[in-house]
Amino acid sequence: MEVILLERVEKLGGIGDVVTVKNGFARNYLLPNNKALRANDRNRALFETNRTKIEADNAERRTAAQGRAGDIDGKQVVLIRQASNTGQLYGSVSVRDIVDALAADGVAGVTKAMVELDKPIKALGLIDVRVRLHPEVVVTVGVNVARSPEEADLQKQGIDVIQAMFEEEQAEAAATALEPDSEDEDEGEAANTDQA
């Protein structure tokens with residue numbers, strides 16, 4: 001199906017471009033969300049008549065989004081979750097969790113549709129998530145998923161918490177292996193006195 005784009009759509013085109021897309025994509029996403037019009041003669045004429053208004057509205061929304069981008073870009077939110085010793089979460093972090101954390105941090109107006117998360121986050125660590133404030137304005141938000149606020153601070157400093165915990169356990173195991181058992185020494189001394 002041919003459509004006329006009313007705003008920039010990533011990997012398709014910009015305002016006024018006539019593109020061919022799959023029927024389902026047009027019917028289920030572009031047309032209901034007012035991102036495009038069907039490309040027929042009547043709609044082409046309507047678009048050309050309103051082109052300057054559409055472009056002016058888009059420029060206004062882009063300017064507003066760029067103003068908000070400064071407050072949001074580079075912001076980091078901390079999400080405390082339960083996880084195993086290997087760093088796998090019991091559950092996952094979804095788009096809703098990120099939106100709620102941003103709202104709690106004072107960032108208003110970010111919706112679930114704006115957050116681009118390829119798949120749910122299922123492990124501890126620092127993850128960069130893209131937030132599309134406008135089709136032409138994208139910012140990055142850091143998501144720090146940890147088991148406690150202390151671990152979140154360590155991760156923020158660049159320390160791999162799981163690796164540090166593993167190394168600590170290895171050091172403890174090595175230290176206990178090197179310590180002589182006092183019971184074994186006492187038994188050895190008792191055996192020496194018996195032989196004399």
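**View 1. Glycine 106 follows helix H3 in the predicted model**. The phi angle of this glycine is positive, near 95°. Helix H3 itself spans residues 95–104.

**View 2. Buried residues of helix H3 and the strands that cover them**. Within H3, the buried positions are Val95, Asp97, Ile98, Val99, Ala101 and Leu102. An α-helix has 3.6 residues a turn, so residues three or four places apart point the same way. The cover over the buried residues of H3 includes strand S4 (76–80) and strand S5 (88–93). Also included in this cover are strand S6 (115–116), strand S7 (121–123), strand S8 (125–134) and strand S9 (137–146).

**View 3. An open sheet of 3 strands, in the order S2-S1-S3**. Pairing in this sheet is antiparallel. Strand S2 (18–20) and strand S3 (36–38) form the edges, each pairing on one side only. On average, neighbouring strands of the sheet are turned by 40° against each other, direction ignored. Helix H2 packs on the sheet and touches S1, S2 and S3. The direction of H2 makes about 10° with that of S1.

**View 4. Bridge partners of strand S1 in strands S3 and S2**. Strands of a sheet pair through backbone hydrogen bonds, either parallel or antiparallel. Strand S1 comprises residues 2–5 and pairs with S3 in the antiparallel sense over 3 bridges. Isoleucine 4 has leucine 37 of S3 as its bridge partner. The pairing of S1 with S2 is likewise antiparallel, over 3 bridges. Here, glutamate 2 has threonine 20 of S2 as its bridge partner.

**View 5. The largest pocket and its lining**. About 590 Å³ of space lies in this pocket. Rolling a probe the size of a water molecule over the atoms shows where empty space is left. The lining of the largest pocket consists of 19 residues. Those nearest the pocket centre are Glu7, Tyr29, Lys35, Arg132 and Pro135. Helix H1 (23–30), helix H2 (41–72) and strand S8 each supply at least two residues of the lining. By class, the lining has 8 nonpolar, 2 polar and 9 charged residues.

Conventions
Residues are numbered from 1 along each chain as its sequence is written. This is a predicted model: local features need pLDDT of at least 70, side-chain atom pairs count only at pLDDT 80 or more; totals for chains, interfaces and linings use all residues. Side-chain values use heavy atoms; hydrogens and water are left out. Buried means under 20% relative accessible area, exposed over 50%, partly exposed in between (1.4 Å probe, protein chains only). Helices (H or I, at least four residues) and strands (E, at least two) are DSSP runs, numbered from the N terminus. Contact means heavy atoms within 4.5 Å. On a 1 Å grid over the protein atoms alone, a cavity is a set of points where a 1.4 Å probe fits but cannot get out, and a pocket is an open set with protein on both sides within 12 Å along at least five of seven lines; lining residues have an atom within 4 Å of a point. Grid points are joined across faces, edges and corners, and a volume is the space filled by probe spheres set on the points. Ala, Val, Leu, Ile, Met, Phe, Trp, Tyr, Cys and Pro count as nonpolar, Asp, Glu, Lys and Arg as charged, and the others, Gly among them, as polar. Two strands pair if DSSP finds at least two bridges between them. Axes are lines fitted to C-alpha atoms, for helices over the stretch in contact, and angles run from 0 to 180 degrees between N-to-C directions.
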